[in-house]
Amino acid sequence: MNLQLYDINGPIDAIREDTAITVGVFDGVHRGHRHLLEQLSSHEPHLAPLAVTLTSHPSFVLGRRDSEYWLDDPEEHLSLLFDAGVKYVAVLPFTKEVSQLSACQMARQLYNKLNMRALLLGYDSRFGSKQNDDFDRLPLLANELGFTLQRGEPYLVDGEPISSSRIRQTLLTGDVLSTARLLGHPYRIEGRVVHGRGVGHTLGFPTANVSLENTRKMLPKEGVYSVCVTSDFCEPMICYGMANLGAAPTFGIEKPLLEVHLRDFDGDLYGHDIEVELRYRMRDIVHFDSPEALLAQLQKDLESCINP
């Protein structure tokens with residue numbers, strides 16, 4: 001296994017202390033994931049908590065999913081894992097070769113490469129190849145090598161476990177309030193501000209046009225959203241406003257756009273990266289017969305776009 005190792009300060013060469021490990025995709029590092037990661041420290045407080053996370057969804061690598069969209073970006077992913085309390089992160093490129101490792105083969109490598117002395121499994125997780133299935137032999141291997149094997153507890157919201165697929169359903173409906181409740185933080189899209197068509201400025205609603213080309217994140221349902229924007233390049237650093245996420249049918253544009261209008265902001269964000277936090281969905285995107293009709297609706301939207 002070609003593991004890339006990190007601590008909170010960045011890449012490291014090796015792990016030199018005994019560890020308690022859990023393994024998963026951790027897409028979004030939601031509240032359920034954080035509950036599991038917190039158990040690493042509580043179950044084995046004398047061991048360094050370490051999360052092994054995968055670079056790709058197994059279902060995508062194995063051809064069971066046509067596309068690969070995540071609930072977080074790579075840097076955000078690492079940051080969220082460290083925020084959850086782990087001391088180390090090992091990033092495992094998930095390939096077809098890795099998918100063929102049995103559970104015991106993978107556990108033995110974790111023991112040898114990462115000084116694993118405890119392995120914590122998710123409440124419903126299995127790892128290792130289904131074709132080379134020896135998952136039920138893990139307790140024997142744990143006894144042989146001398147590591148503990150434990151199963152985590154589920155984290156329930158509204159009586160159901162939190163899962164990445166459950167969060168994706170909230171995004172598909174545009175219910176970003178529920179998305180935030182399940183994630184434990186608002187859903188954010190980060191991107192670079194690029195030059196747009198200039199129509200918003202003409203209408204008196206200048207927009208920061210955020211490029212979506214390089215994002216790996218799943219986009220929520222198209223619509224107009226109340227947003228909060230954070231950037232190191234604007235004053236104030238946190239601004240509130242609204243955003244159009246999706247097409248611009250009034251102007252014949254079908255390609256998805258993220259156009260952000262900020263309240264009480266007069267500055268130049270071109271070429272800078274900003275983080276757009278989706279607070280709640282205000283309405284659907286509709287076609288207007290004229291720019292004037294669109295302007296009237298935008299003014300209504302801005303009046304109803306409530307600041308904290």
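Valine 52 touches Ile21, Thr22, Val23, Gly24, Phe26, Ala90, Leu92, Leu110 and Leu114, where residues up to four places away in sequence are not counted and a contact means heavy atoms within 4.5 Å. The structure is a predicted model, in which local features need pLDDT of at least 70 and side-chain atom pairs count only at pLDDT 80 or more, while totals for chains, interfaces and linings use all residues. Residues are numbered from 1 along each chain as its sequence is written, and side-chain values use heavy atoms, with hydrogens and water left out.

Val52 is also among the residues with the most contacts inside the largest nonpolar core, together with Ile21, Leu114 and Phe147, and this core has 34 residues. A nonpolar core is a set of buried Ala, Val, Leu, Ile, Met, Phe, Trp, Tyr and Cys residues joined through side-chain atoms within 4.5 Å; buried means under 20% relative accessible area, exposed over 50%, and partly exposed in between, with a 1.4 Å probe and protein chains only. At least two residues of this core come from each of β3 (19-24), β4 (48-54), β5 (88-92), α5 (103-114), β6 (116-121) and α6 (138-145), the helices (H or I, at least four residues) and strands (E, at least two) being DSSP runs numbered from the N terminus. The helix α5 gives the most to this core, with 7 residues. A second, separate core of 28 residues includes Val157, Leu182, Val229 and Leu258.

The axes of α5 and α6 lie 10 Å apart, and the two helices pack at an angle of about 25°, the axes being lines fitted to C-alpha atoms over the stretch in contact and the angles running from 0 to 180 degrees between N-to-C directions. The two helices α5 and α6 are therefore roughly parallel to each other, a description that applies to angles under 35 degrees. At their contact, Ala103, Cys104, Ala107, Arg108 and Tyr111 in α5 meet Leu138, Leu141, Glu144 and Leu145 in α6.

In helix α7 (residues 164-172), the residues Ser164, Arg166, Ile167, Arg168, Thr170 and Leu171 are buried, and their cover includes α1 (31-43), β8 (156-157), β9 (160-161), α8 (176-183) and β10 (187-194). Glycine 174, which follows α7, has a positive phi near 80°.

The structure holds 0 disulfides, a disulfide being a pair of cysteine sulfur atoms within 2.5 Å. The sulfur of cysteine 228 is 8.1 Å from the closest cysteine sulfur, that of cysteine 239, which is too far for a bond. Cysteine 228 is buried, with a relative accessible area of 5%, and cysteine 239 counts as buried at 3% relative accessibility.

Technical notes: Parallel < 35°, antiparallel > 145°, perpendicular 65-115°, else oblique.
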